[in-house]
Amino acid sequence: MKGNVLFAPLALNMPATVPHHIAIVMDGNGRWASKRFLPRIVGHKQGIDSLKRCVKACARRGVKVLTVFAFSSENWSRPADEVTGLMDLLAMAVGREVPQLHADGVRLHFVGDRSGLSVNVLAGIARAESTTQDNSSFILNICFNYGGRWDIAQAAAQLASQGLPLTEDSMNKAMALAHVADPDLVIRTGGEQRISNFLLWQSAYSEFFFSDKLWPDFDQAALEEAISAYQQRERRFGKTSAQLQSEASPPTET
Ligand code: IPE
Ligand code: IPE
Ligand code: MG
């Protein structure tokens with residue numbers, strides 16, 4: 001028998017490589033804490049440890065870019081003490097974690113609307129970005145006060161203010177994540193199956209993986225599960241399976 005002719009061609013189209021860019025909606029911190037009768041902020045603190053683990057696991061696995069959703073444009077609607085707690089946590093975590101991230105060769109970018117952020121938070125962000133600006137082994141984008149609609153609107157406003165035409169190409173260059181390729185894989189933890197105003201423009205052709213794990217519980221095994229699900233997908237980008245197969249193994253001349 002000549003091998004498995006039914007499945008072999010399909011395997012050629014599957015992205016056996018690890019995703020270059022993973023984006024994550026880190027959801028479920030509050031529920032993780034509530035289940036333990038703890039204040040929600042404890043879940044957010046635990047979420048930072050989970051993120052540190054995830055950065056290491058992604059880097060080890062050969063992923064080059066990780067983009068995480070840490071605070072959405074809509075999260076301002078939460079109770080004031082949770083919002084203040086999240087802002088304080090960001091400022092604290094940036095101060096505490098940047099030296100190690102820097103030592104590990106991670107370049108940090110904060111992506112989102114800077115207006116509305118306190119002087120303290122802005123100073124921490126500026127320090128983190130300038131300290132790590134020459135690192136190139138891994139990029140960590142932290143979406144903070146970010147919304148996909150905000151991003152599209154700010155890109156359009158930027159172009160309009162310069163009198164430039166609004167095309168897909170010019171928009172790509174003006175978007176907040178213009179410094180990286182679009183995410184290959186978008187993961188959402190916490191069991192919800194929605195985008196919640198994350199990377200609306202950039203996820204046009206991403207593969208999605210929804211995990212029931214709450215973000216603080218998202219460990220290396222869970223990441224592995226998401227990557228192997230990604231590797232089972234056929235990314236067609238509008239083409240047919242047959243086209244992809246012939247591109248992967250063009251007919252040999254006789
Ligand atoms: C995600 O966890 C973190 C932020 C939105 C800041 P949540 O705080 O949304 O956790 P759940 O969804 O309430 O469990
Ligand atoms: C999305 O989570 C935002 C972040 C993870 C930062 P939310 O918990 O805010 O999303 P919704 O409100 O349940 O859609
Ligand atoms: Mg949530």
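A polar side-chain atom of arginine 194 sits 2.8 Å from an oxygen atom of ligand 2. Asparagine 75 also brings a polar side-chain atom to 2.9 Å from an oxygen atom of this ligand, and for serine 196 the distance from a side-chain N or O atom to a ligand oxygen is 2.6 Å. Of the 390 Å² of accessible area that ligand 2 has on its own, the protein covers 78%; such areas come from the Shrake-Rupley method with a 1.4 Å probe. The residues surrounding ligand 2 (a heavy atom within 4 Å) include Phe69, Phe71, Arg78 and Arg188.

Before going on, a word on the model: it is predicted, so local features need pLDDT of at least 70 and side-chain atom pairs count only at pLDDT 80 or more, while totals for chains, interfaces and linings use all residues. Residues are numbered from 1 along each chain as its sequence is written, chains are lettered from A and ligands numbered from 1 in the order in which they are written, and side-chain values use heavy atoms, leaving out hydrogens and water.

Phe69 leads us on to the aromatic rings, for Phe69, Tyr146, Trp150 and Phe198 form one aromatic cluster. Rings of Phe, Tyr and Trp (its six-membered ring) pair if their centres lie within 6.5 Å; planes under 30 degrees apart are stacked, over 60 edge-to-face, and the rest tilted. By this rule there are nine aromatic pairs. Tyrosine 146 and phenylalanine 198 have ring centres 6.5 Å apart and planes at 85°, so they are edge-to-face. Tyrosine 146 belongs to strand S4 (residues 138-146) and phenylalanine 198 to the loop between strands S5 (185-188) and S6 (207-210), so the pair ties together parts 52 residues apart in sequence. Strands are DSSP runs of E with at least two residues, helices runs of H or I with at least four, numbered from the N terminus. Both tyrosine 146 and phenylalanine 198 are buried, where buried means under 20% relative accessible area, exposed over 50% and partly exposed in between (1.4 Å probe, protein chains only).

Tyrosine 205 and phenylalanine 237 make a tilted pair, because their centres are 5.1 Å apart and their planes at 40°. Tyrosine 205 is partly exposed at 47% relative accessibility, and phenylalanine 237 is partly exposed at 48%.

Finally, glutamate 82 lies in helix H4 (residues 80-103) and is buried, with a relative accessible area of 9%. Its side chain makes a polar contact with that of arginine 40 at 2.7 Å; here a polar contact is a pair of N or O atoms within 3.5 Å, and within protein one must be able to donate a hydrogen and the other to accept it, with residues adjacent in sequence counting only if both atoms are side-chain atoms.
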